[in-house]
Amino acid sequence: MALQLGDIAPDFTQDSTDGTINFHEWAGDNWVILFSHPKDFTPVCTTELGEVSRLKPEFEKRNAKAMGLSVDPLDDHKAWEGDIKETQGHGLNFPLLADADRKVSSLYGMIHSNANDTLTVRSVFIIDPSKKVRLTLTYPASTGRNFSEILRVLDSLQLTDSQKVATPVNWTEGDDCIIVPSVDNEKAKELFPQGWDEKKPYLRMVKLQK
């Protein structure tokens, strides 16, 4: 059965470019972005790994760590690192799992047999500090991921975990939010003394105070 939102992310031990990874121990109290690649030495994957390396400071600001995965062996991963740095300007600075035995791929449902029965699709999992899966995304092999969107979702998850709000369409950090329907107006006055714009009783837009 495929992993669903709210499930505990399966633990595993696997080799990586940073040595042996015990996943739950490695994750610690951080958020984790776990994402898989169809194959080493492929063009789209090369651009993605370079971009995630470039974005490492953005992940760190959000108490998040990235981890990649490919079913190719560790020697291939290490040989590929040079190409990533040469072509993308950023060397690999996060672990890339060598999942040659498909152990992690199977645990996380990263191989979709109707697409390819041996290679992983472009899966993305956002996992919170309690090890719960909070987002799943699946891209086709031909489409590179938008990591700005993944950061946007991470921002939304962290915000909505801490305040009684939801984020509207195309929201980015600093935009108005929506007061969740479970909060009545009396409680909302306590939580949001700055007031809100009630477009409908169920659609109350609020600008959060810094």
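Which residues is Ile126 in contact with, leaving aside its neighbours within four places in sequence? In this predicted model, where local features need pLDDT of at least 70, side-chain atom pairs count only at pLDDT 80 or more, and totals for chains, interfaces and linings use all residues, Ile126 is in contact (heavy atoms within 4.5 Å) with Trp31, Val32, Ile33, Lys132, Val133, Arg134, Leu135, Ile150, Val153, Leu154 and Leu157, its neighbours within four places being left aside. Residues are numbered from 1 along each chain as its sequence is written, and side-chain values use heavy atoms, with hydrogens and water left out.

Strands of a sheet pair through backbone hydrogen bonds, in either a parallel or an antiparallel manner. Here, an open sheet of mixed pairing is formed by five strands in the order S5-S4-S3-S6-S7, where strands (E, at least two residues) and helices (H or I, at least four) are DSSP runs numbered from the N terminus, and two strands pair if DSSP finds at least two bridges between them. Strand S5 (96–98) and strand S7 (133–139) are the edge strands, each of which pairs on one side only, and the twist from one strand to the next averages 20°. Strand S3 (residues 31–37) and strand S6 (residues 122–127) run antiparallel and are joined by four bridges, and Ile126 in S6 is the bridge partner of Ile33.

Helices pack on this sheet. Helix H2 (residues 43–54) touches S3, strand S4 (64–70), S5 and S6, and its direction makes about 165° with that of S3; axes are lines fitted to C-alpha atoms, for helices over the stretch in contact, and angles run from 0 to 180 degrees between N-to-C directions. Helix H6 (residues 147–162) lies across S3, S4, S6 and S7 and runs at about 150° to S3.

Helix H2 also packs against helix H4 (residues 74–88), at an angle of about 75° and with the two axes 9 Å apart. H2 is therefore roughly perpendicular to H4, a term that covers angles of 65 to 115 degrees. Their contact is made by Cys45, Thr46, Thr47, Leu49 and Gly50 of H2 together with Trp80, Asp83, Ile84, Thr87 and Gln88 of H4. These residues divide into four nonpolar, five polar and one charged, where Ala, Val, Leu, Ile, Met, Phe, Trp, Tyr, Cys and Pro count as nonpolar, Asp, Glu, Lys and Arg as charged, and the others, Gly among them, as polar.

A nonpolar core is a set of buried Ala, Val, Leu, Ile, Met, Phe, Trp, Tyr and Cys residues joined through side-chain atoms within 4.5 Å, buried meaning under 20% relative accessible area, exposed over 50%, and partly exposed in between (1.4 Å probe, protein chains only). In the largest such core, of 25 residues, Ile33, Phe35, Leu49 and Ile126 touch the most other members. At least two residues of this core are supplied by each of S3, H2, S4, H4, S6, S7 and H6, and the largest share, six residues, comes from H6. Apart from this core lies another, of 18 residues, including Leu3, Phe12, Trp26 and Ala27.

Methods:
Parallel < 35°, antiparallel > 145°, perpendicular 65-115°, else oblique.
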